[in-house]
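Here's a quick briefing for anyone opening this model for the first time. Have the sequence and the 3D view at hand as you read.

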Amino acid sequence: MSVYFPQKKLPYLLVLPQLVITAIFFLWPAGQAVLQAFYREDAFGLSQQFVGLENFVDLFQDPLYYKSMVVTMVFSFSVAFLGIAVALWLAVMADRVIRGRMVYQTLLVWPYAVAPALAGVLWWILFDPNIGPVALFLDRIGLHWNHFLNGDQAMILVVISATWKQISYNFLFFLAGLQAIPRSLIEAAAIDGASSFKRFWDIVFPLLSPTTFFLLVVNLVYAFFETFGVIDTTTQGGPDGSTNTLVYKVFKDGFIGLDSGGSAAQSIVLMAIVGLMTVIQFRFIERKVQY
Amino acid sequence: MIENRPWSRLLSHLILIIGVFIVALPVWVALVGSTQPEGSFNSGSIPLWFGDQGVQNWAHVLFAEAGSTLQIPVWHLLLNSLVMALGITIGKIAISIISAYAIVFFRFPFRSAIFWVIFMTLMLPVEVRIVPTYQVIANLDMLNSYSGLILPLIASATATFLFRQCFMSIPGELVEAARIDGAGPIRFFFDILLPMSRTNIAALFVIMFIYGWNQYLWPLIITTDDTYYTLVMSIKSMLSVPDGDIQWNYVMVTTLLAMLPPVAVVVGMQKLFVKGLVDAEK
């Protein structure tokens, strides 16, 4: 673009609504979070006291915070890995069939539209120790299922619920990626005698690596920040903090524990993480891993 | 296909069908459960075929009350969700299309600074600044109101980027021609730019509608008055029954009703949805 409109005041008027919203609902609360992180409120919210970095010191000395970090890592990487693996497998299968590709796409894509909170409820019902068909089936084959008591089982449940809707998303991107691979490459490899298994690992998978890396980042961001609903409608962080992710902990400490200083300090740490991930997303995806 | 092996294609179909089946399983169970009488869940398992209470259950939840803890019919919550989803969608598109217009077609001081401020909203999702944002809304006296549900969620860096990208691909000659013909910026915007970005707007509409409809945390913390509850968040109050005596059949009906509108949008407008998804992540 090299031609512009000459008006001087109009552009300000045009960006004003967005700037006002951003200032009131984004910058102001973010600033508040920064301020609160340096103060401590008494239990009744009557007085505030400047405590410097004490909230952060407390936070990083709190074993529960480390536990929550580990929980978040296990959760996020499980969701990303499981979602990518299953979706890639289904996409390779869908790429192979000649008829019905669009039908399969439609049948696999709709869970993306389901709210994480509702995905949690749906899988919660399936795995309910009293009424859930899957839990009852597991019981029958000798695996006692009770996510109310068993932390590992609770983690498995939230991972499955969170992954479920993300498979649709990954599937769409993998299918598009697969269809962009030139047929001649695969044909050439086939003529050279490469088996279909070898063709996949030596040609298709490397060529998909930009898509895979992009999806890895997107899925991690999703698991970190958008799965509040899954956890809140199912385990609520329990049992014994075994599914208490960082985002859920901010909410819990702030609204239920009423520790505004500690919650604000956690918010600052999370903002740093989002910032980092956004930079990674923009830096690396613009350049793309290419061969 | 390189080698034409019927059995390998058959295997692919088989795996896809199993995948489709597993993906659909929870919805099937909920659908079947939603037609059962209340007592059928105490017997130790969920029935796997339809019961005879379907019409009664669905009608009760839609028009009478959603459950024992939620004495409000679901059609009211459905309406709230619709207001919120449409408000967020239209608001986002409106404010981001005009700010992208200003950033691409005008040159003015602080242009890039403003762009960076908008960019920063990407790094501040509601989830991470939840307590202070709640306090701001409380200070502005916007708890339990539609404006409180909608306004804080309509700033969107994603939509602004998308429109910026789309506008930057428009040739400068078009602007020049419009100016020679005597069209001002307002006229250019409405008569040329808007019609040109129709598909982009539609694709973004689909994505943003789903985003708005599926909001959970935000309505959960700023509404305490159930006339402002949205459908997706109301599920929480149906599940947190004091003595653990959950009315499963009503929970299932409500869950299905809450997911129906966005699923219908995705299936019905699949082309636009895929375009919106791919564009939004560029």
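What follows is a short tour, topic by topic.

This is a predicted model, so keep that in mind throughout. Chain B meets chain A through 79 residues on each side. Chain B itself is assigned two domains, 6-64 and 74-280.

**Where the two chains meet**

- On chain B, 79 residues are in contact with 79 residues of chain A.
- Helix H1(B) gives the largest share of chain B's side, with 12 residues.
- Sorted by class, that side of chain B has 58 nonpolar, 13 polar and 8 charged residues.

**Two domains in chain B**

- Going by C-alpha atoms, the centres of domain 1 and domain 2 of chain B are separated by 32 Å.
- The two still touch: 13 residues of domain 1 of chain B are in contact with 11 residues of domain 2 of chain B.
- On the domain 1 side, the elements giving two or more residues are helix H1 (6-33) and helix H2 (54-64) of chain B.
- H2(B) supplies the largest share of that side, 5 residues.
- By class, the domain 1 side comes out as 7 nonpolar, 5 polar and 1 charged.

**H1 of chain A against H5 of chain B**

- The crossing of H1(A) past H5(B) is right-handed.
- From H1(A), the residues involved are Ile24(A), Phe25(A), Trp28(A), Pro29(A), Gln32(A), Ala33(A) and Gln36(A), and they meet Pro132(B), Thr133(B), Gln135(B) and Val136(B) of H5(B).
- This contact of H1(A) with H5(B) counts 7 nonpolar, 4 polar and no charged residues.

**Helix H13 of chain B and its partners**

- One partner comes from chain A: H5(A) packs with H13(B) at an angle of about 145°, and their axes are 10 Å apart.
- H5(A) goes past H13(B) in a left-handed crossing.
- Leu118(A), Val121(A) and Leu122(A) of H5(A) make this contact with Val251(B), Thr255(B), Ala258(B) and Met259(B) of H13(B).
- The contact of H5(A) with H13(B) has 6 nonpolar residues, 1 polar and no charged.
- Another partner is in chain B: helix H10 (residues 198-213) packs with H13(B) at about 165°, with the axes 10 Å apart.
- That angle makes H10(B) roughly antiparallel to H13(B).
- H10(B) also passes H13(B) in a left-handed crossing.
- Here Val206(B), Phe209(B), Ile210(B) and Trp213(B) of H10(B) meet Pro261(B), Pro262(B), Val265(B) and Val266(B) of H13(B).
- The contact of H10(B) with H13(B) is 8 nonpolar residues, with no polar and no charged.

**A mostly covered helix: H12 of chain B**

- Helix H12 of chain B (residues 231-239) has 7 of its 9 residues buried.
- The buried ones are Leu231(B), Val232(B), Met233(B), Ser234(B), Ile235(B), Met238(B) and Leu239(B).
- The cover includes parts of both chains: H5 (116-127) and H11 (228-233) of chain A, along with H3 (74-105), H11 (217-222) and H13 (248-268) of chain B.

**Single residues to look up**

- Leu64(A) sits in helix H3 of chain A (residues 63-96).
- Leu64(A) counts as exposed because it has 12 C-beta neighbours inside 10 Å.
- From Leu64(A) to Gln105(A) is 41 residues in sequence and 42 Å in space, C-alpha to C-alpha.
- Most residues other than glycine have a negative phi, but Asp240(A) has a positive phi of about 55° and isn't a glycine.
- Asp240(A) lies in the loop between H11 and H12 (246-256) of chain A, and is exposed, with 11 other C-beta atoms within 10 Å.
- Asn144(B), not a glycine either, has a positive phi of about 50°.
- Asn144(B) is in the loop between H5 and H6 (146-150) of chain B, and is partly exposed, with 15 other C-beta atoms within 10 Å.

Definitions and conventions:
Residues numbered from 1 in each chain as written. Chains lettered and ligands numbered in written order. Predicted model: local features only at pLDDT ≥ 70, side-chain atom pairs only at ≥ 80, totals over all residues. Left-handed = near helix turned anticlockwise from the far one by under 90°. Helix = DSSP H or I, 4+ residues; strand = E, 2+ residues; numbered from the N terminus. Contact = placed C-beta atoms within 7 Å. Nonpolar A, V, L, I, M, F, W, Y, C, P; charged D, E, K, R; others polar. Domains from an automatic or database assignment. Buried ≥ 20, exposed ≤ 12 C-beta atoms within 10 Å, placed from the backbone. Axes fitted to C-alpha atoms, helices over the stretch in contact; angles between N-to-C directions. Parallel < 35°, antiparallel > 145°, perpendicular 65-115°, else oblique.
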